[in-house]
Amino acid sequence: HNFIPSEALDQLAAYDGLAFDNCAWAERVPWDAIDDLLRKMRTSDYVPVSVRPYVWEGSRLAAIAWERSSAEYRFARDLTEEQLLQSFKALQAEGFELVDFSTYAHSEAANQGLRWLAVWRKASRDVRSHQLLLNLDPLEHAASERGLSGYVPLRHMVAIDIQGNKRSTT
């Protein structure tokens, strides 16, 4: 990790993180520091593979894992469901594969709903046939997957919406 700028290493340490030659992680990245830290890590060819938002003691934080790679990537957050689907289609058309996604409550106000974050990476394979089954109830999700014979889920997530209903995304 000699190639990571000292400022980025200091931030990783402050956010309960570690860096190695092929990977890095940070457990307590403040929400408003995510983009800056991703940019700093990118200068040393570290790309995010997982970003997990959470709230701790009233503050929104993220746990982030990186791997060393020169691949192009895109990161977006605070997306509505519709924005995530639009981004998925647009980036897929440019050859980017969705490698990670997560949802979280946008604010404490129930009417603000859920928001999404996502990480895409430039794929070395054709991704035009990939599907995103977003925010379905479990029965809808099972029915959708049965209609996708031959597909293999790359990611799967279950979340509880503001009304307390289980929602699935693959």
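In which sense do strand E2 (residues 23-30) and strand E4 (residues 59-68) pair, and over how many bridges? The two strands pair in the antiparallel sense, over six bridges. The legends below describe close-up views of this predicted model.

**Figure 1. Overview of the protein chain.** The predicted model shows a protein chain with four helices and nine strands. Read along the sequence, these elements follow the pattern α-β-β-α-β-β-β-α-β-β-α-β-β. The chain has 170 residues, and buried residues make up 43% of them. Of the contacts with a separation of 6 or more, 62% are accounted for by residues 24 or more positions apart. The accessible surface comes to about 9400 Å². Carbon and sulfur atoms contribute 49% of that surface.

**Figure 2. Strand E4 and its pairing with strands E2 and E3.** Strand E4 (residues 59-68) pairs with strand E2 (residues 23-30) in the antiparallel sense. Within this pairing, cysteine 23 has glutamate 67 of E4 as its bridge partner. Strand E3 (residues 46-56) also runs antiparallel to E4, and ten bridges join these two strands. Here tyrosine 46 has arginine 68 of E4 as its bridge partner. E3 and E4 form a hairpin, with two residues between the strands. Glutamate 57 lies in the turn of this hairpin and has a positive phi of about 50°.

Figure 3. Aspartate 100 is placed in strand E6 (residues 96-105). Is aspartate 100 buried or exposed? Its relative accessibility is 2%, and aspartate 100 therefore counts as buried, the limit being under 20%. The side chains of aspartate 100 and arginine 52 meet in a salt bridge, with a distance of 2.8 Å from N to O. This pair links distant parts of the chain, since aspartate 100 belongs to strand E6 and arginine 52 to strand E3, 48 residues apart. The side chains of the two residues are also joined by a polar contact of 2.8 Å. Arginine 52 is partly exposed, with a relative accessible area of 34%.

**Figure 4. Arginine 121 and glutamate 67.** Arginine 121 and glutamate 67 form a salt bridge in which the closest N and O atoms are 2.4 Å apart. The pair links distant parts of the chain: arginine 121 is in strand E7 (residues 114-122) and glutamate 67 is in strand E4, 54 residues apart. Arginine 121 is buried, with a relative accessible area of 14%, whereas glutamate 67 is partly exposed, at 31%.

Figure 5. The protein has nine salt bridges in total. In one of them, the side chains of glutamate 7 and lysine 40 meet, with a distance of 2.7 Å from N to O. Glutamate 7 lies in helix H1 (residues 6-14) and lysine 40 in helix H2, so the pair ties together parts that are 33 residues apart in sequence. Glutamate 7 is partly exposed, with a relative accessible area of 48%. Lysine 40 is buried, with a relative accessible area of 16%.

**Figure 6. Surroundings of arginine 42.** Arginine 42 is found in helix H2 (residues 34-42). Because its relative accessibility is 23%, arginine 42 counts as partly exposed. Which residues are in contact with arginine 42, leaving aside its neighbours within four places in sequence? They are Val47, Ser69, Ser70, Ala71, Glu72 and Tyr73. The C-alpha atoms of arginine 42 and arginine 68 are separated by 9.0 Å, although these residues are 26 residues apart along the chain.

**Figure 7. A nonpolar surface patch.** Leu18, Phe20 and Trp25 make a nonpolar surface patch of about 270 Å². Phenylalanine 20 lies in the loop between strand E1 (17-19) and strand E2. With a relative accessibility of 37%, phenylalanine 20 counts as partly exposed.

Note on methods. Residues numbered from 1 in each chain as written. Predicted model: local features only at pLDDT ≥ 70, side-chain atom pairs only at ≥ 80, totals over all residues. Heavy atoms only, no water. Pairing = 2+ DSSP bridges. Buried < 20%, exposed > 50% of the residue type's maximum accessible area, 1.4 Å probe, protein only. Polar contact = N/O pair within 3.5 Å; in protein donor to acceptor, adjacent residues only side chain to side chain. Patch = residues over 30% accessible without salt bridge, like charges linked within 9 Å, V, L, I, M, F, W, Y side chains within 5 Å. Areas by Shrake-Rupley, 256 points an atom, 1.4 Å probe, with all protein chains shown as cover. Salt bridge = Lys/Arg side-chain N within 4 Å of Asp/Glu carboxyl O. Contact = heavy atoms within 4.5 Å.
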